[in-house]
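Please read this note with the model open beside you. The points run from the whole chain to single pairs of residues.

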Amino acid sequence: MLRSYGRKMQLSRLLKPFTKVNLTNLFSMRINEGVNKTISSNYITTYYDTKDISLEKEIHTNMLVQEDFLSENEEMSLFHEVDPYMRRLRYEYDHWDNAIHGFRETERRSWNEENQKILNRVKDIAFPPEVPKLAYVHILDLEKKGYIKPHIDAVRFCGNTIAGLSLLSSSVMRLVHDKDKNKYADILLKRRSLYIMKDAIRYEYSHEVLPEAESKFKGQIIPKDRRISIILRNEPNEEDTK
């Protein structure tokens, strides 16, 4: 409890009032009572690697990675709740939309009290309070040699924001512009981190998780092992479901 409170206090000291003037340098987010807050760009420059200045601005505006969002105990609490069911499933190598290799997945609506508090923290940061969230949380289990191919999540299934927790292993996510393949960035998703991607990053860039042989960030090998993602999304726009 004290450790969680300490992390929350540390995060709150980094928050500054949001203005349109600093939109390109600050990541807009909601926390606690839905008050619009921001995280300074000094806090978010270590987790991405790109040579494209325009993409760098879009990352500052529409993507956040918060390291150590989870404590070790919180990570294990989530893991122990989902692992018994996941181990009953077989790893698959043919996804329905050909987007994932070496995976097993499920959705979960009900969580124990401790883990529900963790997910509520994610919701408070990732989604404005008035935005309806999908009731089911997506759980994606990648084996050590598993990977996610480049894709853009279908708009008919979820809205403008995707938030994910990384359990058991770090990995590298690659963003590539849908119409300009020379516009790309690598994102380091450390174990126990939270990532949030929204708007332009969610709609205009494919995202993938690199396979073990390509798992490098700024020239450094990022060891990859079994990885479980806990993914929350908001509901799709009504017009996108028609």
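1. Basis. The model is predicted; local features need pLDDT of at least 70 and side-chain atom pairs count only at pLDDT 80 or more, while totals for chains, interfaces and linings use all residues. Residues are numbered from 1 along each chain as its sequence is written, and side-chain values use heavy atoms, with hydrogens and water left out.

2. Overall make-up. The protein chain has 5 helices and 15 strands; these are DSSP runs numbered from the N terminus (helices H or I, at least four residues; strands E, at least two). Of its 242 residues, 50% count as buried. Buried means under 20% relative accessible area, exposed over 50%, and partly exposed in between (1.4 Å probe, protein chains only). Contact means heavy atoms within 4.5 Å. Among contacts between residues at least 6 apart in sequence, 77% join residues at least 24 apart.

3. The cores. A nonpolar core is a set of buried Ala, Val, Leu, Ile, Met, Phe, Trp, Tyr and Cys residues joined through side-chain atoms within 4.5 Å. The largest one has 25 residues, and W111, L165, I228 and I230 have the most contacts inside it. At least two residues each come from α3, α4, β7, β8, β11 and β15, and α4 gives the most, with 5 residues. Leaving aside neighbours within four places in sequence, L165 is in contact with residues including F69, L78, I118, V122, L194 and I228. A second, separate core of 24 residues includes Y47, I100, M197 and I201.

4. Helix α3. How far apart are the end C-alpha atoms of α3? They are 20 Å apart, which agrees with the 21 Å that its 15 residues should span at 1.5 Å a residue; the expected span is 1.5 Å times one less than the number of residues. The helix bends by about 30° at H80, and a proline, P84, follows within four residues. That bend is the angle between axes fitted to the seven residues ending there and the seven starting there. Buried residues of α3 include E74, L78, F79 and V82.

5. R121 forms one with E74, with the closest N and O atoms 2.9 Å apart. R121 lies in helix α4 and E74 in helix α3, so the pair ties together parts that are 47 residues apart in sequence. R121 is buried at 18% relative accessibility, and E74 is buried at 8%.

6. Salt bridge between strands. R104 and D141 form a salt bridge, the closest N and O atoms being 3.0 Å apart. R104 lies in strand β6 and D141 in strand β7, so parts 37 residues apart in sequence are tied together. R104 is buried at 6% relative accessibility, and D141 is buried at 0%. Both residues belong to a network of salt bridges that links D83, R87, R104, D141 and R226.

7. A strand and a loop. The side chains of R233 and D153 meet in a salt bridge (3.3 Å, N to O). R233 is in strand β15 and D153 in the loop between β7 and β8, 80 residues apart. R233 is buried, with a relative accessible area of 17%; D153 counts as buried at 11%.

Notes. A salt bridge is a side-chain nitrogen of Lys or Arg within 4 Å of a carboxyl oxygen of Asp or Glu.
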